[in-house]
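Thank you all for coming; I would like to walk you slowly through one model this morning, element by element. Please have the display open while I talk.

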Amino acid sequence: MTLKFVERIKPDVTTDIVYMMCPMHLLKLEEKMKELEKGQILEILTDYDGALEDVPEWCQKTGNEFLGVEDSDEYYKLYIRKVR
Amino acid sequence: MRKCYFDHVATNPLHPQVFEAMLPFFREEFGNPLSLYEMGMKAREAIENARALTGALINSKPSEIIFTSSGAEANNFALRGIALARQAEGKHIIVSRMEHHSILNAARFLEKSGFAVTYLPADKYGVVDPDAVKGAITKETVLISVVHASSEVGTIEPVREIAGIAKEHKVVFHTDAVASAGNIPLDVKEMGVDLMSMAAHQFYGPKGAGALYVREGLRIVPLIYGGIQEGGRRAGTENVPAIVGMGKAAELAKAEMAGRTEHVKKLRDRLIKGVLGVENVYLTGHPEGRLPGHASFTVEYIEGESMLLLLASKGMYVASGSACSSKALKASPVLLSMGIPSSLAQGSVVFTLGKDNSGEDIDYLLEEFPPIIKRLREISPFAKGWDEKEAGSKCYTTSSESPKK
């Protein structure tokens, strides 16, 4: 899967899991998505490389939209729009 | 023979109600808190209940409590976890010389790993000067750690003031509250601390359970990687009975704190007054700003270990400084940092009282301790000619106030 890079996306909710390892990115993703309304955007801050593969795959599996990733100096920002 | 336990800073007996609360989790409720069936869910619920109770003791949110195996683990976690999380911003940390070995040795480890560490001295009462903390901050400083109350001399540090200075300079502040949490009221929000360590066995809970308070939103690098326990910040299958015990002990400590404090303070004041009646015995630590059940002294011309052994032979259990220094037969670095000469620091003896001590225990101690000192001085090679000297100040503080050798 090719990663899409994005910039300046305005999230509705942010979850900061920098320094947390697998599978915290997936657990937090599921937990936070439950709190979102349809159409809202979740931002995940993580330095775990595996999230770059796992999060888009999770979105594909669950029918949510992976908007892309922004690479900052120390961690990634991943954006997901709740579709269902 | 009468038995008197005067070493509550080493550990406390388990509260019977804490024991009762823990029992089911050793027996029928042995499930893994991560298991999805009922047994697992019950264990999970018990842990989350304990988290809420532990948080309530220090006015934190449950989600700000990370359970650990001990106070020492919480201290290591705080120092190493914050230093590593912040190293891109700077590689300087500040600790005081009043700290426990779990802070000092973690700081030494960081020093070996490329961090610069400032070790701040304390004054004659063991108080760390907030202005000295301020003066030590550089643009590289990322963490300050100052103990809340010293287990060796009982002094309570000006943590709120130091936390304010840290905040002003955007530096993370940790306090080791192992000796004080559960014994005196603590409020993390009012104190303004970012991290705080505590241990259950210091307030009638079990050994094997500690906690680190981490302010919401603060990033910390885990000490132990693995599973998703403690929100992915501290891996390892939880010690469910001990965590449940910590929660129950925190609940009881909060409910009974005022009564317990008043009780031990009264006994402590009698003890201090009585022991200072013996010549050439000096109080260490702050005379007023100290833990309510804490009475620590240096006794001139004799060694702490010999007093400890003779007191134990009379059924009284005390400490002669920190457990680590005691075992190594070294003068306490904490006492030395307060300006107490090494020869006098060797004669350190620490009495720490608890809720189950009585007035009769203090009577017994005051009856038996002076003859023990007398006997040891009679056989001490250091005591030659001591009786020719005048009795010194009863509140020993600095080397300049020490009787001349």
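Let me begin with a question: which residue in β8(B) is the bridge partner of I66(B)? In β8(B), that partner is L212(B). Before I go further, the conventions: this is a predicted model, in which local features need pLDDT of at least 70 and side-chain atom pairs count only at pLDDT 80 or more, while totals for chains, interfaces and linings use all residues. Residues are numbered from 1 along each chain as its sequence is written, and chains are lettered from A and ligands numbered from 1 in the order in which they are written.

A residue is buried if 20 or more other C-beta atoms lie within 10 Å of its own, exposed if 12 or fewer, and partly exposed in between, with the C-beta atoms placed from the backbone. Two strands pair if DSSP finds at least two bridges between them.

With that in hand, consider strand β8 of chain B, residues 210-214, where five of the five residues are buried, so the strand is largely enclosed by the rest of the structure. G210(B), L212(B) and V214(B) point one way from β8(B), whereas A211(B) and Y213(B) point the other way. In a regular strand the side chains alternate between the two faces of the sheet. Strand β2 of chain B, residues 65-68, pairs with β8(B) in the antiparallel sense over four bridges, and in β2(B) the residues I65(B) and F67(B) point one way while I66(B) and T68(B) point the other, all of them buried. Strand β7 of chain B, residues 195-199, also pairs with β8(B) in the antiparallel sense, here over five bridges, and L195(B) has V214(B) as its bridge partner in β8(B).

Now to helix α4 of chain B, residues 101-112, whose 12 residues reach 16 Å from first C-alpha to last, close to the 16 Å expected at 1.5 Å a residue; the expected span is 1.5 Å times one less than the number of residues. Its buried residues are S102(B), I103(B), L104(B), A106(B), A107(B) and L110(B), and these pack against α3, β3, β4, β5 and β6 of chain B. Just after α4(B), G114(B) takes a positive phi of about 105°.

A51(A), V55(A), P56(A) and C59(A) are buried in α2(A). They cover an arc of only 115° around the axis, which puts them on the same side of α2(A), the arc being that of the directions from the helix axis to the C-beta atoms. On the other side of α2(A), E53(A), E57(A), Q60(A) and K61(A) are exposed. The cover over the buried residues of α2(A) includes α1, β2, β3 and β4 of chain A, and just after the helix G63(A) takes a positive phi of about 80°.

A242(B) lies in helix α8, residues 240-275, and counts as buried, with 23 C-beta neighbours inside 10 Å. L376(B), in helix α13, residues 359-379, is partly exposed, with 19 other C-beta atoms within 10 Å. L376(B) and S306(B) are 70 residues apart in sequence and 7.7 Å apart in space, C-alpha to C-alpha.

Finally, the domains, whose bounds come from an automatic or database domain assignment. Chain B is divided into domain 1 (4-9 + 257-401) and domain 2 (16-254), and their C-alpha centres lie 29 Å apart. The contact between them takes 24 residues from domain 1 of chain B and 24 residues from domain 2 of chain B, where two residues are in contact if their C-beta atoms, placed from the backbone, lie within 7 Å. On the domain 1 side, α11(B) gives the most, with three residues.

Methods: Helix = DSSP H or I, 4+ residues; strand = E, 2+ residues; numbered from the N terminus.
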